[in-house]
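Let's take a tour of a protein model, one piece at a time.

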Amino acid sequence: FSLSSTSSAVMASAELAVDNKSDQTPLARERQHAQDEREGRLRFVVVKNDGLDRSLISLIDMKSIYSKQLPKMGKEYIVRLVLDRSHTSLACVFEGEIVGGVTYRRHATQAFAEIAFCAVSATHQVRGYGTRLMNQLKEHCKREGIHFLLTYADNHAIGYFRKQGFQKQVTMKRERWLGYIKDYDGGTLMECAIDTQVDYLNIRFVAEEQRRAIAERMEAGGAQQQEAEYAGYDPAEGGVPAGLQGTSWRESALHCSMQGKPVPLADCLQAVLAEVATHPDAWPFQTAVSTTLAPDYYEVIKDPVDLASVRARLTPRAGAPPHYNSLDQFLADLLRMCENCRVYNGDNNEYYDCAVRLEAFVRKKVGEVSVSRVPADGTRPESGG
C-alpha cells in the first residue's frame, strides 16, 4: 500500500477531525470505523520483515509511533523487536498513513501470542482506533489459531487492556507460557482469551440491537402494566408470578449431574470440595491465613477465602437458604482463593506453584459437573444454569 507524507496541512485537518469526533459515543465511533473500512479509508494490514522495501518502511513508521508514545522503552529495543522476523505487526492505516500498530510474537505450538508493543499516534487516539486495532488483532488471531493473548502492561496501560478484555488472572497453565515470553520488571502480566464464536468487529452492534429489542418489548408491555401493583412471588407456592402472565416465563429448576448421573447441586459441590481439599497442593489453603505468619496479609488481600470457609458455606443451616445457588458461585470462590495466593506471594515460590496447580485441578473437577436449568414440569431443557 502507498504511504503519504504527513504535511502540516494534513496534521491541521487531522487535529480538527479529532476535535469534531472527540464527543462521539463508542457506538458512533464503531459505526464510523466500519464505514471507513468499507470505503477504504481505514485499513488494517499485516506487516512482517520479509526484506521488501515497502514492509521495512511500514515497520519503521510503526517504530516511530512506538518510540513517541512509549518513551520509557529504549529506541534500540523497539527497533530490534519490530524488525525481528519472529515478530508480526498489524498496522492501522488511515487514508494511506500509518497511525498506529500492534507488534506481537506468535508461539504457534502453544497457541498464544505475546504483545510487545501497541500504540496509536497522539492525534488519532480519541478516534477509538486503539479499540478497533485490538479487535482486528483478535480476528486475525482466530484465523491463525491463537487462543490467548498475553502482554506485560505498565500502570498506565492496565486500564486500556482491561477495556479490551484482558485480565490480570492468567488462566493458561503456567507451563504453557513460562519460558516462552520475556519477563518485565514493573509490568503486570495480563491475559485475553480469544473466543472463536465472538465477532469482535460487530460485538457492539449486536449488543445495541439486543438493547433495542429489550427496550421495545418493555415499552410495548409496559403501557398496560405501568400502574399495576403486584404481590411478591413465593417460589414455594409455584404458579406464574403476577405480571408475567402471557409471557414466555416458565418456572424452572436446577438440574445437576456428575459422570452422567443426576446429583443435587449441594452434593456435587461437596464432592468437588472433598477432592480439592485432599489434593497434594491444597495444604496452604486448608484454613484462613494466620496474621502471625503473614502480618500484612489482610491489608493486601481484601476478599480472603479458604477451604474451611468454603466448607462452612456448604454446610446447611436451619431456616437459611444455601450460600451457593450455582456452580459459578462455588468456582468463583475457589479461583479467588488461588488468585489471592498468587497476588500475595508473587511468583517463583512453592505457594505460587501450589496455587497454579490447584487451580488447574479445580477447573478440571468443576468441568466434570454438568449444570442446566430445566422447566419444573420436566419438559424441554432451557439454556443457562
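## A pair of neighbouring strands

Start with E5 and E6, which pair in the antiparallel sense over 6 bridges. If you want a landmark here, look for Tyr-152, which stands opposite Leu-189 in E6. One thing to keep in mind as you look around: this is a predicted model.

## The six-stranded sheet

Now zoom out to the sheet around that pair. In what order do the strands of the open sheet of 6 strands come? Reading across, the order is E1-E2-E3-E4-E5-E6, and the pairing is mixed. The two edge strands are E1, made of residues 42-47, and E6, and each of them pairs on one side only. As you step from one strand to the next, the twist averages 25°.

## Helices on that sheet

Helix H4 (residues 75-83) lies across E2 (87-94), E3 (97-107) and E4, and runs at about 125° to E4. Helix H5 packs on the sheet too, touching E1, E2, E3, E4, E5 and E6. The direction of H5 makes about 35° with that of E3.

## Where two helices cross

H5 also has a helix to meet. Two packed helices are described by the angle between their axes and the distance between the axes. For helix H2 (residues 26-38) and H5, the axes come within 10 Å and cross at roughly 60°. Is the crossing of H2 and H5 left-handed or right-handed? It's right-handed.

You can pick out the residues that touch. On the H2 side they are Glu-30, His-33, Ala-34 and Glu-37, and in H5 they meet Tyr-129, Thr-131, Arg-132, Asn-135 and Gln-136. Sorted by class, this contact has 2 nonpolar, 4 polar and 3 charged residues.

## A second, three-stranded sheet

There's another open sheet to find, this one of 3 strands, in the order E8-E7-E9 with antiparallel pairing. Strands E8 (261-262) and E9 (369-375) stand at the edges with a single partner strand each, so one side of each has no neighbour in the sheet.

Look at how E7 (residues 252-258) joins E8: the two run antiparallel, with 2 bridges between them. Met-258 stands opposite Lys-261 in E8. Helix H9 (residues 265-277) lies across E7 and E9, and runs at about 35° to E7.

## The largest pocket

Time to look at the gaps. The largest pocket has a volume of about 1100 Å³. Which residues lie nearest the centre of the largest pocket? They are Leu-70, Cys-118, Asp-154, Ala-157 and Phe-161, out of 32 residues that line this pocket.

Some elements you've already met turn up again. Strand E4 (112-120), helix H5 (129-144), strand E5 (148-153) and helix H6 (158-163) are the elements that give two or more residues to the lining of the largest pocket. E4 provides the largest share, with 7 residues. The lining divides into 16 nonpolar, 11 polar and 5 charged residues.

## The second largest pocket

The second largest pocket has a volume of about 570 Å³. It's lined by 23 residues, with Lys-168, Val-170, Leu-189, Arg-342 and Tyr-352 nearest its centre.

Which element gives the most to the lining of the second largest pocket? It's H13, with 5 residues. Helix H7 (174-177), strand E6 (188-193), helix H12 (327-345) and helix H13 (350-367) each supply at least two residues of this lining. By class, the lining of the second largest pocket has 9 nonpolar, 5 polar and 9 charged residues.

Key. Residues numbered from 1 in each chain as written. Predicted model: local features only at pLDDT ≥ 70, side-chain atom pairs only at ≥ 80, totals over all residues. Heavy atoms only, no water. 1 Å grid on protein atoms, 1.4 Å probe; cavity = no way out; pocket = protein on both sides within 12 Å on 5 of 7 lines; lining within 4 Å. Points joined across faces, edges and corners; volume = space filled by probe spheres on them. Helix = DSSP H or I, 4+ residues; strand = E, 2+ residues; numbered from the N terminus. Nonpolar A, V, L, I, M, F, W, Y, C, P; charged D, E, K, R; others polar. Axes fitted to C-alpha atoms, helices over the stretch in contact; angles between N-to-C directions. Left-handed = near helix turned anticlockwise from the far one by under 90°. Contact = heavy atoms within 4.5 Å. Pairing = 2+ DSSP bridges.
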